[in-house]
Amino acid sequence: MLYAKTPAHEKRRAFRERLASGELLRFPGAFNPLSARLIEQRGFEGVYVSGAVLAADLGLPDIGLTTLSEVAGRGRQIARMTELPAIIDADTGFGEPMNVARTVQELEDAGLAGLHIEDQVNPKRCGHLDGKQVVDQHTALQRIAAAVDARRDENFLIMARTDIRAVEGLDAAIDRAKALVDAGADAIFPEAMATLAEFEAVRNAVDVPLLANMTEFGKSDLFTVDQLRDVGMNLVIWPVSLLRLAMGSAMRGLDELEASGSLQTQLDQMQHRAELYDLVDYPGYNHFDTDIYNFTITKERP
Ligand SMILES: C[C@](O)(C(=O)O)[C@H](CC(=O)O)C(=O)O
Ligand SMILES: [Mg+2]
């Protein structure tokens, strides 16, 4: 009801404990607060808040146009809806190391369980596109050191993402991952790995938890959870997938509506009113006022 009950520090503590166990935790990307609830209801271990989705939601490309306030605001709306830990994409940290420090504190205050900061230059781009550029190692490490220094909850996860694989190759990615860990990163997000063997090579090089990005239409094949577990990954995200599914479904629905003038044939594609009301916990509001939930909804689709 209303919001999740688990306080942020407790979500972070439990998240760190699970991460330390070495298991693979699955974090689909929530494209809005309601979808975070769905991710929880469907049995996943956490929620990812994607920068690409945040930008796309506003009709913007993913090139660093969104502001820290927008990102923190959306992160807060999503994190408070679920008992699960939510980790958020902080892009390049919104500027210089001092901006990174402020970013960490804002996102901590917003109730997130952690974030990732990447080593791209500004303007950044999706990690699965060609033509990326990364900052020098010193700058990349400064960003992470500033992030680690700024957090107030030691369980707030500071993950370093490196985009260097697509620019300078796997050896450079391994070197940078090691340096980022030495700078204090709690976890590494090796972006745009081409094969499972590449994930495995990073696994063999560092001891901290590793994240695999299973974004569609990118540089990585869509490996299964079992395959990623076998090569020692600890977190997997499907950052934009729910938005892609929802928008694909919306496109087909609109085409049908435009063509036939009715959505009657689409009902079985839709979340039923009863499912929606269950997700937003209508019955729970009787706690305040028993006049609120005093109706029944038939679950059959006409
Ligand atoms: C993970 C990512 O940073 C995101 O913003 O969700 C993107 C995803 C995408 O654009 O497909 C990325 O750079 O991989
Ligand atoms: Mg991103």
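Helices (H or I, at least four residues) and strands (E, at least two) are DSSP runs, numbered from the N terminus. By that rule, the protein chain has 12 helices and 8 strands. The model is predicted: local features need pLDDT of at least 70, side-chain atom pairs count only at pLDDT 80 or more, and totals for chains, interfaces and linings use all residues. Residues are numbered from 1 along each chain as its sequence is written, chains are lettered from A and ligands numbered from 1 in the order in which they are written, and side-chain values use heavy atoms, with hydrogens and water left out.

**Overall shape and surface**

- A compact globule of 302 residues would have a radius of gyration near 19 Å, and the protein chain agrees with 20 Å. The radius is taken over C-alpha atoms, and the globule rule is 2.2 Å times the number of residues to the power 0.38.
- The C-alpha trace spans about 60 × 45 × 35 Å along its principal axes.
- Of the 302 residues, 46% count as buried. Buried means under 20% relative accessible area, exposed means over 50%, and partly exposed lies in between (1.4 Å probe, protein chains only).
- The accessible surface comes to about 14,500 Å², and carbon and sulfur atoms hold 51% of that area. Areas come from the Shrake-Rupley method with a 1.4 Å probe; for residues, only the protein chains shown count as cover.
- Contact means heavy atoms within 4.5 Å. Among contacts between residues at least 6 apart in sequence, 71% join residues at least 24 apart.
- The 31 positive and 46 negative charges have mean positions 2 Å apart. Lys and Arg count as positive and Asp and Glu as negative, while His and the chain ends are not counted. Each charge is placed at NZ of Lys, CZ of Arg, CG of Asp or CD of Glu.

**Helix α2**

- Helix α2 covers residues 33-41, and its buried residues are Pro33, Ser35, Ala36, Arg37 and Ile39.
- Those buried residues pack against β1 (25-28), β2 (47-49), α4, α11 (241-260) and α12.

**Serine 220**

- Serine 220 sits in the loop between β7 (211-213) and α10 (225-230).
- Serine 220 has a relative accessible area of 6%, so the residue is buried.
- Its side chain reaches the backbone oxygen of methionine 193 at 2.5 Å. A polar contact is a pair of N or O atoms within 3.5 Å; within protein, one must be able to donate a hydrogen and the other to accept it, and residues adjacent in sequence count only if both atoms are side-chain atoms.
- Beyond neighbours within four places in sequence, serine 220 contacts His128, Ala192, Met193, Ala194, Asn213 and Met214.

- The peptide bond from asparagine 122 to proline 123 is cis, with omega near -5°.
- Proline 123 lies in the loop between β4 (114-118) and α6 (137-150).
- Isoleucine 63 belongs to the loop between α3 (51-57) and α4 (68-79). At 37% relative accessible area, isoleucine 63 is partly exposed.
- Isoleucine 63 touches Pro123 and Lys124, not counting residues up to four places away in sequence.
- The C-alpha atoms of isoleucine 63 and asparagine 122 are separated by 7.9 Å, though the two are 59 residues apart along the chain.

- Leucine 2, in the segment before α1 (8-20), has a phi near 35°. Leucine 2 is partly exposed at 43% relative accessibility.
- Aspartate 281, in the segment after α12 (273-279), has a positive phi of about 60°. Aspartate 281 is partly exposed at 24% relative accessibility.
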